[in-house]
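Me: I have a model open and would like to talk through how its chains sit together. Could you take my questions one by one?

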2 protein chains.
Amino acid sequence: MKITNSTIKKLLDHYKEISLLYKIKATLDWDMNVNLPSKAATERAKQTEYLAQKITDLWIDNEFKQTLEKAQKEKNLTLEEQAILRNLIQGTKYYFRVPPEIIAEKEKLTSEAFMIWKEAKEKNDFKSFLPSLKELIRIDQIIAKHIGYKDNPYDALLDQYEPGLTADHVQKLFDKIKPQLVALVQRIQKKQPSQEIIQELLQQIYPIQQQKKIGEIAIKKMGFDFEAGRVDVSPHPFTTELNRNDIRFTTAFIEKDFRSSYTAYMHEAGHALYEQGINPEYDGTPLEGGVSLGIHEALSRFWENMIGKNPNFLKHMKPFFQENYLQQIQALNEDEFINLFYVVKPSFIRIESDEVTYTLHIILRFEMENGLINGTIKPEDAATVWKEKSKEYFGIVPPTDTQGVLQDVHWAYGSFGYFPSYALGNLYGAQFLATMKKEFDVEKELTEGSLAKIHAFLKDEIHEYGSLYLPAELIKKVTGEPLNPHYFLDYLTEKYTKLYS
Amino acid sequence: MKITNSTIKKLLDHYKEISLLYKIKATLDWDMNVNLPSKAATERAKQTEYLAQKITDLWIDNEFKQTLEKAQKEKNLTLEEQAILRNLIQGTKYYFRVPPEIIAEKEKLTSEAFMIWKEAKEKNDFKSFLPSLKELIRIDQIIAKHIGYKDNPYDALLDQYEPGLTADHVQKLFDKIKPQLVALVQRIQKKQPSQEIIQELLQQIYPIQQQKKIGEIAIKKMGFDFEAGRVDVSPHPFTTELNRNDIRFTTAFIEKDFRSSYTAYMHEAGHALYEQGINPEYDGTPLEGGVSLGIHEALSRFWENMIGKNPNFLKHMKPFFQENYLQQIQALNEDEFINLFYVVKPSFIRIESDEVTYTLHIILRFEMENGLINGTIKPEDAATVWKEKSKEYFGIVPPTDTQGVLQDVHWAYGSFGYFPSYALGNLYGAQFLATMKKEFDVEKELTEGSLAKIHAFLKDEIHEYGSLYLPAELIKKVTGEPLNPHYFLDYLTEKYTKLYS
């Protein structure tokens, strides 16, 4: 990357320190999730609060602000220079509008809330998390007010994760796919084979060491670089970029369900491959990370569902599973094995849900957090409302809050507005797959268990570019057309019709 | 702790930020040792270099310097206020005298050297570490010049670890105990039972999971607080204070020798108990850490050797060992089991050596690093000189540099001058033990496997005070007299005479 404009160069110099502080903070945050002893939470909160304050100071620095204004008047900027400027403007939006003390307060709140949530989830004790939840909502309402919005404070939060998105837009998008999804779920449920085999299999124990082996086989095939990252364990799987050469993800194991860690490995490795694959020339610049949560989720869910649960790839993986779970699944034939990954069934836990009902989980969360932020749902009612909505969408009520309102880490992180990007991800991913299929025989690769060509396509077309293109530009560049939800519906319909016909 | 003097208050305010940055950096350093993927070393070096620079900036801050000068003129300071001032002056010595760019350069060098050392040790490749070693020596020679010294640049480095200590003093101290140690080693070797049993036992495998269990039993008995710390694995065991509620130590496992991890656990937990036990009121002040490396080693080696290898405590621990290594050591009688921990034998690896020959290992290192720093030993000869000295002191030559000059992490950390504190630790520890024995029946406690009273004594007399007293003051406060090496020689003589008589 050649930067010639001196104003942009000056901005990059300043941003370098911001980037470094983000990376230091990312290490502390990762450590908090994976390693922190319980008594150390308060001290760690102080540290991240301090770093966040330093980052804020750099974002709101007066000279930087002036340079940024000057840069907006520059002409003949290259593609990269334009992208750098655009990303810095998006970055400063939050910091220029939200008062520093509010940003610092939120930072402190989320650090503390995480440990409280973790314990509350373990003990199924929503009440102990409620005071934190109230505070987190309060601070995000204040932040929304500062950022500014037309009708709904939630819009201001959404915009942070996927620029330009509004609650109204999301609602319309969901309305478009919801009826077809519901119909598809019903069609599949009528046709799908009995779940007796699965019920039996879920009575058995799949040792964590074996689950780890399978997960590692899968991500090695994907091309995860173990010299530039690592895999650990945490209650909720996540991926963090400490820097391009240090991408860490975590996984969680359910001893009685070996499918869950297999898909978690591939999902998180999908995030990790994206970050490991970004152009090294972007290191330390505003182009260095993945462009949006939507694109990130597109890639992670692509690997998890469209590759990991592809029937041909599952056929290839079957011997590895059988070797490791010799006593448990040796007797399964090919169809029975594949069907384990094709159960469409209403469930409590989002991250364990199938790819068809998954979007209903997102709709539930979108409506919950939209309501919590715009005041139509009270925090003290959150656990109850969750149960009511669960009843409405899935016909089932979670028996504990651990399996309900406490299941996800997002709100404890203060990430209201994050969830819709998961649904967007599904849509993007299906459109990428359709393009890929035009370029080479994807099924042939999967039959052979070779993921190199698929990884190379994503690397060349998406990973490589980091945050150079906006999501809308990127999808057009890769697929030749704007986001079109019919690819996702077509993908699901074709896959499940073929499977059960 | 009540601080009333306003100048001291001002100093404390400033130090708070230094303390926070140290803690953030400690987290990154711990992570580098335990978790870092190999490709991320350069980026991590940048981060720690940045933080070290921030710390330096705060130490050399002009207003702080002036406040410090003003404070030295204050009268009627309390004991705590005096200690705070004294520790800040000791802290600034390095920063006021060594130019910031040199401090930053050293920080960068050590971050990079660590990963190079780690790989060189794994691959037994001294040559690949040599360029780093040269650089580390060069930078410490420059630092010594800036700090200032009379005859020997090594004195300036020693002073950083144990204030006031000189190479000449250390040499005299070693000369005083060396002949008696040598005589003792010879006496023991003549009398000690055949090592056939041990040789046989070292042919077997002791699964790491079982070793971990024993280690955890031992440190639970010691009173290590798992909610305020953790235990991990790294090539060389070490303890880091991320903060008082987050004391982390690592251990290493040798599959064929279960004794090694047992003693490593107790050694490192000895460091950890010290830090976990410091007065919470000292948090974020210059009193918050252990007072010196010598006192730290006194405590760690006390737990490792004087408690962990005490015959009565070993009798108590025997059933736990036998339960976990059922097939391997079930047949041993009490004496045979105890004797496993009493072999006095020249060896290559310091951290695996017995408590009698250990001091010879320190003498070797002291002479090596004294020579490397004062120029009488060339870095390119380090591996060869190590082998020659090993031949001279132990009568044996390490077959690889992994077992020789590359075995310890200290030089890769740039910690020239550190080693002598290990020997001091032995002397302090024996003197503490003698005092403890006057206060209660230590052997009775050990026979019962109860370590609570011993921990309480250390907590009340030593841990609690953090860096309030200088080592010399502390030892006088605890034992009623200044450091007296005869306690250590008496301890060894009595222990081994009894054992083999």
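Here are the questions and answers, for what is a predicted model.

Me: Let's start with one chain. What radius of gyration does chain A have?

Reply: Happy to start there. Chain A has 22 helices and 3 strands, and its C-alpha trace spans about 70 × 50 × 45 Å along the principal axes. The globule rule gives 23 Å for 501 residues and chain A comes close to that, so it is as compact as a globular protein of that length. The radius of gyration of chain A is 23 Å.

Me: By what turn can chain A be laid on chain B?

Reply: Good one. Two copies of a chain are related by a rotation about an axis and a shift along it. Here the shift along the axis is 0.0 Å and the RMSD is 0.0 Å, with a turn of 180 degrees. That is the relation of a two-fold axis, and the turn asked for is 180 degrees.

Me: How much area is buried between chain A and chain B?

Reply: The size of an interface is often given as the accessible area lost when the parts come together. In this model the contact takes 34 residues from chain A and 34 residues from chain B. Carbon and sulfur atoms give 54% of the buried area, which is about 2700 Å².

Me: How many salt bridges are there between chain A and chain B?

Reply: Side chains of opposite charge can pair when their charged atoms come close. One of the pairs joins A:K39 and B:D225, at 2.5 Å from N to O. Another is formed by B:K54 and A:E17, whose closest N and O atoms are 3.6 Å apart; this pair runs from helix α2 (residues 41-59) of chain B to helix α1 of chain A. A search of the whole structure finds 66 salt bridges over all chains, and the count between chain A and chain B is 9.

Conventions: Residues numbered from 1 in each chain as written. Chains lettered and ligands numbered in written order. Predicted model: local features only at pLDDT ≥ 70, side-chain atom pairs only at ≥ 80, totals over all residues. Heavy atoms only, no water. Least-squares fit on C-alpha atoms with pLDDT ≥ 70 in both. Contact = heavy atoms within 4.5 Å. Buried area = accessible area lost by both parts, 1.4 Å probe. Salt bridge = Lys/Arg side-chain N within 4 Å of Asp/Glu carboxyl O. Helix = DSSP H or I, 4+ residues; strand = E, 2+ residues; numbered from the N terminus. Rg over C-alpha atoms; globule rule 2.2 N^0.38 Å.
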